[in-house]
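Dear colleague,

Please find below the structure that I am handing over to you. My notes on it follow directly after.

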Amino acid sequence: MTMARLVPAVAGDPHALDELRLQVRRFVAEEQSAGRVGRYADSWLTGWDEDFSRALAARGWIGMTVPVEYGGHGRSHQERFVVTEELLAAGAPVGAHWIADRQIVPSLLKYGTEVQKRKFLPAIAKGECYFGIGMSEPDSGSDLASVRTKAEQVDGGWHVSGAKVWTSGAHLAHAFICLARTAPVDPAHRHDGLSQFIVDLRAPGVDIRPIVSMNGKHHFNEVILDGVFVPDDMVFGAVGDGWRQVTSELSFERSGPERFLSTFPLLAAVAGHMADGALPRHTDLGRHVARIAGLHQMSLAVAGALERHEPADTAAAVVKVLGTATEGDIADFADLLGDVDDDAYRAMLADAVVQRPGFTLRGGTNEILRGVIARGLGMR
């Protein structure tokens with residue numbers, strides 16, 4: 001079994017977008033030098049900065065793959081990949097627009113109605129509309145088929161009731177796409193009878209409860225839905241087709257550079273402190289850099305496959321498993337090297353250590369994803 005079967009080849013000239021990389025790099029460096037933004041580990045979760053998101057949008061770096069007719073920029077997945085990678089490598093605060101741009105945009109383009117596209121896509125591209133994801137539930141783990149949130153049809157729409165958990169940014173976002181059961185569970189076909197809904201997070205019946213991390217920071221939430229009314233025009237995709245839609249969305253969630261760059265700003269800081277003698281030199285630095293370089297190629301290849309509408313579920317799972325393991329290893333590596341007289345470095349390291357357990361959990365646990373990979377390779 002060769003890696004060629006797991007991940008497609010990178011197509012095109014890898015240096016064709018170098019100028020775009022430099023533009024993003026210069027912009028972020030200027031923002032950081034001016035003190036307008038910080039440098040974060042796990043910045044796509046912990047770095048919520050709406051002003052920065054709007055500044056990116058003003059440069060055309062949000063909604064890049066959205067067609068011009070829907071307020072976007074009609075650019076390629078590879079161009080978006082380059083911008084995303086540079087922002088994450090710099091530890092820029094991209095959390096506000098992250099889920100909307102990464103996951104909601106391609107889902108709307110694939111499954112959204114004309115009303116939904118015109119309502120949400122222009123606002124996302126302007127950096128003015130933020131989304132969460134309503135998949136995970138209490139006591140369900142990675143088993144999405146065990147969803148207990150229910151949606152019952154009423155006059156003009158649906159009443160949605162249930163609970164979602166680990167919902168990043170729900171306390172600040174405008175809406176989330178919620179997976180709910182619209183038909184009774186059939187034990188022989190557990191994936192049937194699921195549907196998706198665009199739920200206004202400020203609607204009556206929505207109760208957002210903070211989940212505070214061990215360091216006192218608030219990124220996650222539990223969202224309680226008590227008979228929340230969702231109009232018919234906010235049904236997302238086809239009723240009963242929720243499982244197929246969710247699994248197609250997960251390729252975008254699992255394969256991006258955020259799955260291997262969450263701790264890259266920390267690794268870069270480690271290298272800098274090794275160079276100035278504040279930290280001892282260690283050969284594992286090169287090993288981690290090599291892993292990042294390999295994951296960059298793999299993730300870029302999956303981005304190309306998604307743009308060509310090629311199946312990428314297995315390849316995305318490979319990137320996620322290998323990438324999140326690398327992120328955690330970098331956090332451990334930095335933690336073992338010792339202390340540095342640098343408050344910004346200490347803060348970044350502390351965040352990386354606290355966030356580390358989540359790297360291999362979010363987006364599907366690595367144990368579950370190894371099963372996805374095995375099935376994708378025809379193993380039993």
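**Findings**

Arg375 counts as exposed, at 53% relative accessibility; in these notes exposed means over 50% relative accessible area, buried under 20% and partly exposed in between, with a 1.4 Å probe and protein chains only. The model is a predicted one, in which local features need pLDDT of at least 70 and side-chain atom pairs count only at pLDDT 80 or more, while totals for chains, interfaces and linings use all residues. Residues are numbered from 1 along each chain as its sequence is written, and side-chain values use heavy atoms, with hydrogens and water left out.

Arg375 lies in helix H13. Helices (H or I, at least four residues) and strands (E, at least two) are DSSP runs, numbered from the N terminus. Between Arg375 and Thr365 there are 16 Å from C-alpha to C-alpha, at a separation of 10 residues in sequence.

**H11 and its packing with H13**

Helix H13 (residues 366-376) packs with helix H11 (residues 313-337) at an angle of about 145°, and their axes are 9 Å apart. Axes are lines fitted to C-alpha atoms, for helices over the stretch in contact, and angles run from 0 to 180 degrees between N-to-C directions. The crossing of these two helices, H11 and H13, is left-handed; a crossing is left-handed if the near helix is turned anticlockwise from the far one by less than a right angle, and right-handed if clockwise. On the H11 side the contact is made by Asp313, Thr314, Ala317, Val318, Lys320, Val321 and Thr324, and on the H13 side by Asn366, Leu369, Arg370, Val372, Ile373 and Gly376. Contact means heavy atoms within 4.5 Å. By class, six residues of the contact of H11 with H13 are nonpolar, four polar and three charged. Here Ala, Val, Leu, Ile, Met, Phe, Trp, Tyr, Cys and Pro count as nonpolar, Asp, Glu, Lys and Arg as charged, and the others, Gly among them, as polar.

H11 is mostly covered, with 18 of its 25 residues buried. From its first C-alpha to its last, H11 reaches 37 Å, close to the 36 Å expected at 1.5 Å a residue; the expected span is 1.5 Å times one less than the number of residues. Gly338, with a positive phi near 115°, follows H11.

**H5 and H10**

Helix H5 (residues 77-89) and helix H10 (residues 284-307) cross at roughly 145°, and their axes come within 9 Å. The crossing of H5 with H10 is right-handed. His77, Gln78, Phe81 and Glu85 of H5 meet His296, Ser299, Leu300, Ala303, Gly304 and Glu307 of H10. This contact of H5 with H10 has three nonpolar, five polar and two charged residues.

**Residues in loops**

Asp42 is found in the loop between helix H2 (18-33) and helix H3 (43-46). Phi of Asp42 is positive, near 55°, in a residue other than glycine, and Asp42 is buried, with a relative accessible area of 1%.

Trp166, in the loop between strand S3 (157-164) and strand S4 (175-181), also has a positive phi, near 60°. Trp166 counts as exposed at 52% relative accessibility.

Ser213 lies in the loop between strand S6 (206-212) and strand S7 (218-231). Ser213 is buried, with a relative accessible area of 16%, and touches His219 and Phe220, not counting residues up to four places away in sequence.

With kind regards
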